[in-house]
Amino acid sequence: EELKRVHAVNFVDKVLHFEATAKKKAKAYSFPFGPDTYVNEHTPRCARLAAGCLLSLVDACLDVSSPARSGMAVVRPPGHHATAD
């Protein structure tokens, strides 16, 4: 749901459903998002982990009982040059 607040619904669905498609292909990777962004069966999980890392950091910084007041999420999700759609 959080991903769909930033990216178009069909884009998120395409990324998250790629895992099943990748397992059916002969090659271990593909380029469905352009020539500089390859994906494989692990891409959906990596994308969710990268987004979740940032959201966890924000939650910690906004939690008054947390000692964290600022932070930096050093993540490079698959398709890190992605636009909203």
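These legends accompany several close-up views of a predicted model. Local features are given only where pLDDT is at least 70 and side-chain atom pairs only at pLDDT 80 or more, while totals for chains, interfaces and linings use all residues. Residues are numbered from 1 along each chain as its sequence is written, and side-chain values use heavy atoms, with hydrogens and water left out.

**View 1. Overall fold of the protein chain.** The protein chain has 4 helices and 0 strands, where helices (H or I, at least four residues) and strands (E, at least two) are DSSP runs numbered from the N terminus. Along the sequence the pattern reads α-α-α-α. Of its 85 residues, 16% count as buried; buried means under 20% relative accessible area, exposed means over 50%, and partly exposed lies in between (1.4 Å probe, protein chains only).

**View 2. Salt bridge between Lys4 and Asp13.** The side chains of Lys4 and Asp13 form a salt bridge, with 3.2 Å from N to O. The term requires a side-chain nitrogen of Lys or Arg within 4 Å of a carboxyl oxygen of Asp or Glu, and by this rule the count comes to 1 salt bridge. Side chains of opposite charge can pair when their charged atoms come close. Lys4 is partly exposed at 37% relative accessibility, and Asp13 is partly exposed at 26%. Leu3, in helix H1, is also shown; its relative accessible area is 24%, so Leu3 counts as partly exposed.

**View 3. Patch of negative charge on the surface.** Glu1, Glu2, Asp59 and Asp63 gather in this patch. Patches are made of residues with over 30% relative accessible area and no salt bridge; like charges are joined within 9 Å, and nonpolar side chains (Val, Leu, Ile, Met, Phe, Trp, Tyr) within 5 Å. Lys and Arg count as positive and Asp and Glu as negative, with His and the chain ends not counted. Each charge is placed at NZ of Lys, CZ of Arg, CG of Asp or CD of Glu. Glu1 lies in the segment before helix H1 (3-6) and is exposed, with a relative accessible area of 71%.

**View 4. Nonpolar surface patch.** Leu54, Val58 and Leu62 make a patch of about 290 Å². Accessible areas come from the Shrake-Rupley method with a 1.4 Å probe, and for residues only the protein chains shown count as cover. Leu62 belongs to helix H4 (residues 43-62). With a relative accessible area of 66%, Leu62 is exposed.

**View 5. Ser66 and the backbone of Ala60.** Ser66 lies in the segment after H4 and is buried, at 13% relative accessible area. Its side chain reaches the backbone oxygen of Ala60 at 3.1 Å. Such a polar contact is a pair of N or O atoms within 3.5 Å; within protein, one must be able to donate a hydrogen and the other to accept it, and residues adjacent in sequence count only if both atoms are side-chain atoms.

**View 6. Thr43 and Leu16.** Thr43 is found in helix H4. Thr43 is buried, with a relative accessible area of 8%. From Thr43 to Leu16 the C-alpha distance is 8.0 Å, and the two are 27 residues apart in sequence.
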